[in-house]
Amino acid sequence: MAAIPAPIDATQTPEWKALQAHYDRLQAEGISLKKWFAEDPDRVKKLSFDTSDLHFDLSKNLVTDETVKLLADLGRAMGVESRRDAMYAGVHINTTEDRAVLHTALRRPVSDEGKFIVDGQDTVKDVHEVLDRMYAFADKVRSGEWKGVTGKAIETVVSIGIGGSDLGPVMVYEALKSYPRAVDVRYISNIDPNDAAEKLKGLDPETTLVIVVSKTFTTLETLTNAREVKAWLLQTLREQGAIDGSAEQDAAAILHHFVAVSTNHEKVAEFGIDPENAFGFWSWVGGRYSVDAAVGLSIILAYGKEVFEGFLAGFHDLDEYFAQTPLEENVVALLGLINVWYVNFFKAKSHAVLPYDQYLHRFPAYLQQLTMESNGKSTRWDGTPVTTETGEIFWGEAGTNGQHAFYQLIHQGTQMIPADFIAFVNTPNPAKDGDQDIHELFLGNFLAQTKALAFGKTADEVRAEGTAEWMVPARVFTGNRPTTSIFGEALTPHALGELIALYEHITFVEGTVWGLDSYDQWGVELGKQLAKQITPAFHDDTALEAQDASTQALIAYYRAHRQ
């Protein structure tokens, strides 16, 4: 396996210095999107791109032709293309864990079997063997062939996971809700007992199937919730007289009502789940990149094989586009490089993702893990400190809700916040208010916001509206607030797969320029370790004495007020 070269210090390259000089010139001349649009009638055409299902307008970003060229030069100098090719080939670019990074193999067609042997493993063959098992299992559940312990068909699935084992499936399930579902799915992730209590309300355990999603089957939150749901299922079945409480009937109930997404068959069996009903994935798939692996089992159960295959095809088409398109014409690479431009030169601290589609209301939350767990780091892949700002705070909300919440800050605040606006031409739920097409009213807001952010409103324009002079400054919009418009024909499974892969690769491009291993997540470990040490202190004075003064005081408050 090829060795991973040490990361280059981007700030010391001629390409970075050229970008810095270019940035300084733009600041000196004054950045004006109005002027740039007026001077270049082809600006929109030059900064528009298309993938299979998505259309991109980058023209309202703070870039010129020269910026695009210099960013592509930087990407090439930092090895975006060579590192991309290494990732696709299965080189161990996850250096701290010495692993390949092959989420792209999850969506390769079966015709690619035998072409991607990594560490002695035919990755595509292995992926499709698991997919076929998942499809076969889902067919049994969806058709009613798979039955609960009392002989009733499954109507509701409860999926238990956390982080990448939950955020992806929840987001996709919500995004595809306009498609027919064979079963409803509820997702439990938070260890807070309120989550499980609310999600289990109204469920009949006789018609409920539970998926426990944990690769190692050791995740504290997931296993705690799994045991809680197991206790609920058995207790409720006993109260209903469906089982008599004997060990044999309890075991039969678990076999009929629990399956797993895990590779730890021993612990799966200890829990009472038949290892034949455990669906695994591999070390070269990180949790936040796994929604198109077995972690997506709940999606297949709800929507079926055909929808999931379309979802995978969308991923793969975007993967191929990213792999084959030159940097200067590659909208995926350019979006990642433009984000670097904003973070490192304009000193932008956060990035808004604003889907104008209610079905994508969980997409910003999904991206928070994908982007911030990947690039929220201060150490490069060889263990040396970073030399630039890294990461972005990703956040957002579905439009038009966000317009009545935080858009004020984006329009007139002191921080520059680049924003991605996402919308679709067609809606599965057309409606009218009199003669007004409500979807067109909705899309009018989508278009108006990017126009307002780009071009603003001058003091003279405000005065011309008859505004009192003292109030003019409050109604001025400076403009030059950067946005990217992502427009699709419809939110199909294929388009959704493209959209997720888009941000996966944007994250990769940023991490490559910053010299990061975007595929580990050591930052989540310390809190987990300390939680195991602290929890006994609620009742153990010796454990309490080992804690710091603040923790001791907070536990004392807990002891005094716990009912």
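**Salt bridges and ring pairs in a predicted model**

Glutamate 389 and lysine 347 form a salt bridge, with their closest N and O atoms 2.9 Å apart. This is a predicted model.

User: How many residues apart in sequence are the parts that the pair of glutamate 389 and lysine 347 ties together?
Analyst: Start with where each partner lies. Glutamate 389 is in the loop between helix H15 (363–375) and strand E10 (393–395), while lysine 347 is in the loop between H14 and E9. So the pair ties together parts of the chain whose separation in sequence is 42 residues.

User: Is glutamate 389 buried, partly exposed or exposed?
Analyst: Buried means under 20% relative accessible area and exposed means over 50%, with partly exposed in between. Glutamate 389 has a relative accessible area of 29%, so the label is partly exposed.

User: Which helices does the salt bridge between lysine 46 and aspartate 65 tie together?
Analyst: The two side chains meet at 2.7 Å, N to O. Both ends count as partly exposed, lysine 46 at 38% relative accessibility and aspartate 65 at 47%. Aspartate 65 lies in residues 65–77 and lysine 46 in residues 43–46, so the helices are H4 and H3.

User: What kind of ring pair do tyrosine 23 and phenylalanine 346 make?
Analyst: A pair of aromatic rings is described by the distance of the centres and the angle of the planes. The centres of tyrosine 23 and phenylalanine 346 are 5.0 Å apart. Planes over 60 degrees apart count as edge-to-face. Here the planes are at 85°, so the pair is edge-to-face.

User: And what about the rings of tyrosine 356 and phenylalanine 446, how are they arranged?
Analyst: Both residues are buried, and their ring centres are 5.8 Å apart. Planes under 30 degrees apart count as stacked, those over 60 as edge-to-face and the rest as tilted. With the planes at 55°, this pair is therefore tilted.

User: Which helix holds phenylalanine 446?
Analyst: Tyrosine 356 lies in strand E9, and the pair ties together parts that are 90 residues apart in sequence. Phenylalanine 446 sits in residues 438–455, which is helix H17.

Terms used:
Residues numbered from 1 in each chain as written. Predicted model: local features only at pLDDT ≥ 70, side-chain atom pairs only at ≥ 80, totals over all residues. Heavy atoms only, no water. Phe/Tyr/Trp six-rings, centres within 6.5 Å; stacked < 30°, edge-to-face > 60°. Helix = DSSP H or I, 4+ residues; strand = E, 2+ residues; numbered from the N terminus. Buried < 20%, exposed > 50% of the residue type's maximum accessible area, 1.4 Å probe, protein only. Salt bridge = Lys/Arg side-chain N within 4 Å of Asp/Glu carboxyl O.
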